[in-house]
Amino acid sequence: MLGYKISKLKTADDMNLYSDLYVNNGGDQAIPLDWMQRSKVFAIYSGQQMVGGYVECCPPIRSTKDIPDELRQALLEKHCGDLSNVQENAAFWIKRGTKDKVLLQAFVWATIVWRSVFCTSCHYTLGVANRKGISDLYKFFCGRVIYKAPSKLIPGETYHVFLWSKTQLLTVGGKIMVRLVRSKLSRLKLSLSPHHPSSK
């Protein structure tokens, strides 16, 4: 992970670039600049190139916007108690075609876990997914579904709102390391195979 660095974005130009890259890498829609400016936007760089990131925001806005008004507050209070205990991590993305995608994914998730557990006073973190692939990833990383409905953005997909406690996020950290080690061992095994070009 030493080839990556994280930076908090401060200028509108950098945030607009982030939004463009987010959409071009599978994001559902452009990210509103005013929301980004009220939030903390963290970009991941490989050298000078932005290759991933996420947006951290409190109180939750984006992650719950498609929950009907009459349900939203009661739902969050049921699962989180005081709404001041809730933050969100949204607009997560990594660059398509990255040479070591698992490593980059692990770096972004490790950053999210570290900040959510140790750098915020909020006890719960929200995330949202409109695609099955992202939903499956969030479920793998211990996310608990607190609301789902047909996606308004992508016909045929399901809109999920996920919730993590700090304890669950620490479990995520363990899963990240297991996933990373397995990936590295698998590649090492492949490279040592007598049929692999690098072993000849």
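**Entry 1: the largest cavity**

By class, how many nonpolar, polar and charged residues does the lining of the largest cavity have? I looked this up and found nine nonpolar, three polar and no charged residues, where Ala, Val, Leu, Ile, Met, Phe, Trp, Tyr, Cys and Pro count as nonpolar, Asp, Glu, Lys and Arg as charged, and the others, Gly among them, as polar.

Before going on, I noted that this is a predicted model, in which local features need pLDDT of at least 70 and side-chain atom pairs count only at pLDDT 80 or more, while totals for chains, interfaces and linings use all residues. I also noted that residues are numbered from 1 along each chain as its sequence is written, and that side-chain values use heavy atoms, with hydrogens and water left out.

Rolling a probe the size of a water molecule over the atoms shows where empty space is left. I wrote down the terms: on a 1 Å grid over the protein atoms alone, a cavity is a set of points where a 1.4 Å probe fits but cannot get out, a pocket is an open set with protein on both sides within 12 Å along at least five of seven lines, and lining residues have an atom within 4 Å of a point. Grid points are joined across faces, edges and corners, and a volume is the space filled by probe spheres set on the points.

The structure holds two cavities of 30 Å³ or more, and the largest cavity contains about 90 Å³ of space. Its lining includes Tyr 54, Asn 89, Phe 92, Trp 109, Thr 125, Gly 127 and Trp 164. At least two lining residues come from each of β4 (86–94), α4 (101–118) and β5 (124–129); helices (H or I, at least four residues) and strands (E, at least two) are DSSP runs, numbered from the N terminus.

**Entry 2: the second largest cavity**

I then turned to the second largest cavity, which has a volume of about 50 Å³. Among the residues lining this cavity are Val 102, Trp 109, Phe 141, Ile 176 and Arg 179. Both α4 and α6 supply at least two lining residues each, and α4 gives the largest share, four residues. By class I listed six nonpolar, one polar and one charged.

**Entry 3: the largest pocket**

The largest pocket holds about 500 Å³ of space. Of the 28 residues in its lining, Tyr 22, Gly 26, Gly 27, Phe 92 and Ile 134 are the closest to its centre. The elements β4, α4, β5 and α5 give two or more residues to this lining, with β4 contributing the largest share, six residues. I found 13 nonpolar, seven polar and eight charged residues in the lining of the largest pocket.

**Entry 4: salt bridges**

Side chains of opposite charge can pair when their charged atoms come close. With a salt bridge taken as a side-chain nitrogen of Lys or Arg within 4 Å of a carboxyl oxygen of Asp or Glu, the count comes to five.

Arg 131 is partly exposed at 34% relative accessible area, and Asp 28 is partly exposed at 27%; here buried means under 20% relative accessible area, exposed over 50%, and partly exposed in between (1.4 Å probe, protein chains only).

Another salt bridge joins Lys 132 and Asp 136, with the closest N and O atoms 2.7 Å apart. Because these two residues are four residues apart in helix α5, about one helical turn separates Lys 132 from Asp 136. Lys 132 is exposed at 54%, whereas Asp 136 is partly exposed at 35%.

**Entry 5: backbone details**

Which peptide bond is cis, with omega near 0°? I found it running from Cys 58 to Pro 59, and Pro 59 has its place in the loop between β3 (49–57) and α3 (69–80).

I also noted Ala 91 in strand β4, where phi is near 50°, a positive value in a residue other than glycine; Ala 91 is buried, with a relative accessible area of 5%. Cys 142, in the loop between α5 (132–140) and β6 (144–150), has a positive phi near 70° and is buried at 18%.
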